[in-house]
Amino acid sequence: MKKLILAPAVALAFTGLVAAPVAAAETPSSSTQSDSTAAKAEQIKKEKAEKLAKEEAEQKKADEEKAAKDKAEQEKKDAAKKAADKKEAANKADAESGDDAKDAKKPAPKDHDKGEDSKDPEDPQNEVEKIDAQLKVATSSVSAEDLASDGLRVTVTGLEKGDKLTTSGLTVPATTAAADGKESLTLGYSGDAEDLKEGTKNFSVKVQRAGVAAQSLSGSTTIVEAQTAIDSDLTVNPDEITAEDLTDPDKGIQATITNLEEGDTVTDDLTDKPRTVDADGDFTFGVYYDGPAETLKEGPIPLTATVQRDGEEPETLNGEINLADEAEPQISLDTDEISAHDFYEKGLKVTGEGFIPESTVELRTQPDGSPGTFFHGEVTADAEGKISGTVQAPDDIRKPGAYTLSATDPDDESNSADVAFTVTEDDAVDPIDASLKVDPKKITAEDLSNKDKGVTVTVSGVKKGDKITDSLTGGSETADADGDYTLHLYYQGNPDSLEEGKVPFTVTIDREGTESQTLNGNINVVAEDNEDDGDDGDNGDTPEAPAEASFSVSPKTLEAADFANDKKGVTLAVEDCEPGADVHFAVTPKGIQVTAYENTVKADDEGKASVSVFGTSANVSAYVGSYTASATCGDDTMKESFTVTAGADGGGSDGHDNDGNDGSSQLPRTGADLGGLASGAILLLVGGAAIAMTGRRKKVGQSPSDF
């Protein structure tokens, strides 16, 4: 019976036809009947729509079932045809070979002549075809990170073209075999690596083939903790070794492999001994040759080490051991460059090995390019053939240059070694330019003899390494930095043996590479009642301690043209000296050919004094450099410095005539004006003399900063 299916449009139209008469039958006087009729029409509309949907679903299902049945019948026909074609091909082959020709001509028996047991098992139509595929997993373990990022590689074999592959447990897009044989897949994990737990991860691959039952292949891998890929290097120490030492288990070589992890296993091919790494980082182990030394030949011997780590492919590292025929003598120095002074005073430390045990070894030095040598002496090799000693330059050889030190066995000159070194010019050493100051200026004999009191002596201008010795205690100290160095001095005898007045002492400074300097000082010993420790007696006021003298230089930097100008120059000034005391001024150039200047003047009634110093040569560039200025006032010697620069006009004359008396009460100039630099004369510095100071006495009352 055919079913009548109304399309939605028809149903709607039909509903409209039913509803219209009902609506027309309504009257204004019967609203209840109208509402009931409308509800009934709506219900009929709903029922018809549901019926229509049901009929459509049933029709769709019927169509799908029919399509599936048609497909199955077609696949069956295709399979039967394939089997028939196969049989026909086999029969044709038999006929062509002539086998059973007569039997082939006989008519085939009818089906009803055969029983159920008479079916031919070799008939392809009677065979039940099935899929025979296998699954291979590339690795038995993988880290969660690698599975989530790189996936897991598997291979399915035994496939036919057209087979469809799908997975569960791990994901991969549906794949169709492009040809008979095998298909490789990369299975992925769609979640986060953090969700994967260590342990077994199962999955399956389903193989589908037309007309044949599907086959499900099961597989698994183990999720392990992530491992770092092996990235190591192999090094060997020493670079060379003799066959004798390589076969000695107590010697051999030391192999080091970098970037290993705790638990790694290392196996070398010489000992074939596995070793387990006990900590992350570099791993060092001994390797020796387990065989007779005679079987080893000079040259490189290959060495391999295999590193195994869980979850990673083993890594093989390659190296080599350099086998030397015999150990050659070798010598080395503690430095390959030394100054002439150090070579003479300290010498070079030499060590060597590879010499004949207990033999005598001569040490000689030869300047490069010179046939002569100088002999240092002999050393004796120890039981292992090692030597050590120190070689120093002879008294008559201190020339800088390139040299070669040789160590030779006089009984076998072939048993020798040499090493090159260089002797350099001595570094220029600054001359000592120091001064000292005593504090306090006055002290009682009792306090001076007290070790916890005494006086403090500050030595200025020392260099690190200077040796400082005082005559009062006889002790020596070494300066640990450039600048000022403080000594604590006291009298080690009986204080009753000290008389009031000055107690002289000296401080000597020794500096390597230059002359020593001795500074003179005085300690003023006073009576107990003269010490400033109470009131004056008349008004109860404690007298103010005298101020310490001060020294200034102005300006600290000036151009050569200004320095050679008698109207400018440099002013040296002191304050707070004893009124009427002699003040000694001096200017010393540093490393330039200019004659030092000295002058002594008296302090005025305020304890002030000053001088003006300037250059006298027309060649102002001769004055460019640094200078030390000093002023001695009583027991105090004070020092300052100033610098003369080239400036814009530093290379020539100062531009004015300085060879006459300009009325400023200065001494006449001498020295440079008489010969100049052309005759090699030394330049002079000239300052104001006593007459000049008298003429300026009214200006001395100014502050040193005003000059």
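Predicted model: local features only at pLDDT ≥ 70, side-chain atom pairs only at ≥ 80, totals over all residues.
Colleague: Which residue in β14 is the bridge partner of I257?

Modeller: Strand β11 covers residues 253–260 and runs antiparallel to β14, with six bridges joining the two. Within β14, the partner of I257 is F283.

Colleague: How many residues apart in sequence are the parts that the pair of Y403 and F421 ties together?

Modeller: The whole structure holds eight aromatic pairs. Among them is the stacked pair of Y403 and F421, with 5.7 Å centre to centre and 15° between the planes. Because Y403 belongs to strand β23 (residues 401–409) and F421 to strand β24 (residues 412–424), the separation of the parts tied together is 18 residues.

Colleague: Is F421 buried or exposed?

Modeller: A residue is classed as buried under 20% relative accessible area. The value for F421 is 3%, so F421 is buried.

Colleague: Which residues are linked into a cluster by ring pairs?

Modeller: Y627 and F642 form a stacked aromatic pair, 5.1 Å centre to centre with 10° between the planes. Y627 lies in strand β39 (residues 625–633) and F642 in strand β40 (residues 636–645), so this pair ties together parts 15 residues apart in sequence. Both residues are buried. Ring pairs link into a cluster F563, Y623, Y627 and F642.

Colleague: How far apart are the closest N and O atoms of D264 and R309?

Modeller: D264 sits in the loop between β11 and β12 (265–268), whereas R309 sits in the loop between β15 (299–308) and β16 (315–324), 45 residues apart. D264 is buried at 2% relative accessible area, and R309 counts as buried at 6%. The two form a salt bridge in which the closest N and O atoms are separated by 2.7 Å.

Colleague: How many residues apart in sequence are the parts tied together by K441 and D636?

Modeller: The side chains of K441 and D636 meet in a salt bridge of 2.5 Å, N to O. K441 lies in the loop between β25 (435–439) and β26 (442–444), and D636 lies in strand β40, so the parts tied together have a sequence separation of 195 residues.

Conventions
Residues numbered from 1 in each chain as written. Heavy atoms only, no water. Pairing = 2+ DSSP bridges. Helix = DSSP H or I, 4+ residues; strand = E, 2+ residues; numbered from the N terminus. Phe/Tyr/Trp six-rings, centres within 6.5 Å; stacked < 30°, edge-to-face > 60°. Buried < 20%, exposed > 50% of the residue type's maximum accessible area, 1.4 Å probe, protein only. Salt bridge = Lys/Arg side-chain N within 4 Å of Asp/Glu carboxyl O.
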